[in-house]
Amino acid sequence: MRTLVIGGTRSGKSRVAEGLLPDGSAVTYVATGSASDEEMHERIRRHRARRPDRWSTVEGTDVEAAVIAAEGPVLVDSLGLWVTGRMDAEGLWEAGDLGLLVSEAVRWFTAGAAPLVVVVEDVGGGVVSVDRGTRRWVDAMGEVTAALSALADRVLLVVAGRTVELPAPVAAPTTQDGPARPAAQDPAVGPAATGGPAPASSAPAPSAPASSAPASSAPAPSAPEPTDGALAQHGDTMVPEGALDLAVNVLSDRPARHVLQAVERADEATYPDQTPALVAVSSLTGLTVDHVVLLAGAAEAFWLLPHALRPSRAAVVHPYFTAADAALRACDVPVTRVPRDAADGWRLRPDRVPVDADLVVVGNPNNPTGTLDDPGDIASLCRPGRTVVVDEAFMDFVSDGRSSLAGRVDLPGLVVLRSVTKMWSVPGIRAGYLVAAPDLAARIRRHQQPWPVSSRAIAAIVAAADNEPWRTETAEGVARRRRAMVRRLERIEGVVVHEGAANFILLEVAAGPAVHRALLARGVAVRPSTFPLLPPRFLRVAVRDAQAVEQLAVALEAIV
């Protein structure tokens, strides 16, 4: 349950927000501002005095870290001070992309599984300021508040100590079969956990004293559309002409010769015949052709699965590739984001996956963290009645096959995705496949159009599958370049390197968005954090040759 409490100065909004939290719970109070003078110090003291001793206080603007680390409900007070702090840190008062604040706020607002209440200043209702900085702050507050409101379960407006519950912005979505499924209610984050009753009406609630919770709640859409454009952003759109491309995680701009030759020989004068590719993949994996579904790029699976399986609740392990969230939301499937923690080596935590999730998505090696998870940890997620999708688009960069789950026919509901895009450098052909139990594969296949993949894609899949020695040798070469890249970048003060097991690494710097912009100004394009639950201090960088690495290193040494 995520709640916004909006109000003006001295409206009583903070007291209302505090009253929404259950008695006796271990609340994490996130104070996004600090005392700048004696009067502000006294205000903070009064707020702190009325909070229970069992509440813990976290100060600062890294709200995402606090939300993920919290074991109980979280109260963020306030959004306005957070926006001010982030504008200071990123130098956004005069110029710059205010959309960065929207994306960052959406990430921490949707992080974790604990109930979250955010106090928001009601701004912009008076005259327009003549000061540019103030106008930009008001604009930022308006955009961030609107984005969070679209994702919130409840939005309360506090005026002169009285509370009004705002209705949902749109009606609940419908499908051809009638009303869409409501979001699954997790007892840990349901109405009882936030001190409020279950939704009952879409009309505003009657006015109430500031010390009491609202009497009713408006129903929210089952799967609200994300308002940050981050889910639709990919590295191929982030490289200006002439820039050094370290943003795209395809191996290189030169397709593998044997794959390119096979594609050029493809017969496009007849309808595509999938048989050669099905046989090649079954031979590579040790499975039968009935286990294999060919795809127009591995990402196609994320749009097929919701239609074929009709899941009631999905869990996606993040930070991760955005296509899974985008597809599930487009199909009105409620999504829980399961966090990985940087401080914990980004490892998969199976215990964090909701027990009632009937569709789970995890990347291995994971994009963007590069984490190679223990296959046993992933296997532990499999159970009857649940589909576990393992995105192995980058598994080809792991020279031995022991980490892959592609041949595990003993695991119920397992779906493994593979891509020909990354290793063989043919993203424009859109070639990939999945393997699953024959009955599950057949169910997915029924939701594909006739001739779902082109003759060129079939030729690429066959050529890739039939030359395993080339793949192994290439993976070993990428690993050598990755280790050399890590050694060079670790020498730069102010840069923390997270290596991983794929053809990219993560860089951690104090001011990620500012460093990203400064690198672009020097002709170096890296991938900024547009991934859910990846803090903005991280940049994803593709593994390249020594000359490209040195160009990146010299630029970073001049910036950080």
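Seven strands line up as an open sheet in this predicted model, in the order β3-β2-β4-β5-β1-β6-β7, with mixed pairing. Strands here are DSSP runs of E with at least two residues, helices are runs of H or I with at least four, and both are numbered from the N terminus. Two strands count as paired if DSSP finds at least two bridges between them. At the edges sit β3 (56–59) and β7 (162–165), each pairing on one side only. Neighbouring strands in the sheet are turned by 20° against each other on average, direction ignored.

Now look at β1 (residues 2–7) and β5 (residues 116–121): they pair in the parallel sense over six bridges. Leu4 stands opposite Val118 in β5.

Two helices lie across these strands. Helix α6 (residues 132–151) lies across β1, β5 and β6 (154–159), at about 145° to β1. Axes are lines fitted to C-alpha atoms, for helices over the stretch in contact, and angles run from 0 to 180 degrees between N-to-C directions.

Zooming out, the protein has 18 helices and 21 strands. Of its 560 residues, 54% are buried, meaning under 20% relative accessible area (1.4 Å probe, protein chains only). Among contacts (heavy atoms within 4.5 Å) with a separation of 6 or more, residues 24 or more positions apart account for 76%.

Residues are numbered from 1 along each chain as its sequence is written. Local features need pLDDT of at least 70 and side-chain atom pairs 80 or more, while totals for chains, interfaces and linings use all residues, and side-chain values use heavy atoms, without hydrogens or water.

Notes
Buried < 20%, exposed > 50% of the residue type's maximum accessible area, 1.4 Å probe, protein only.
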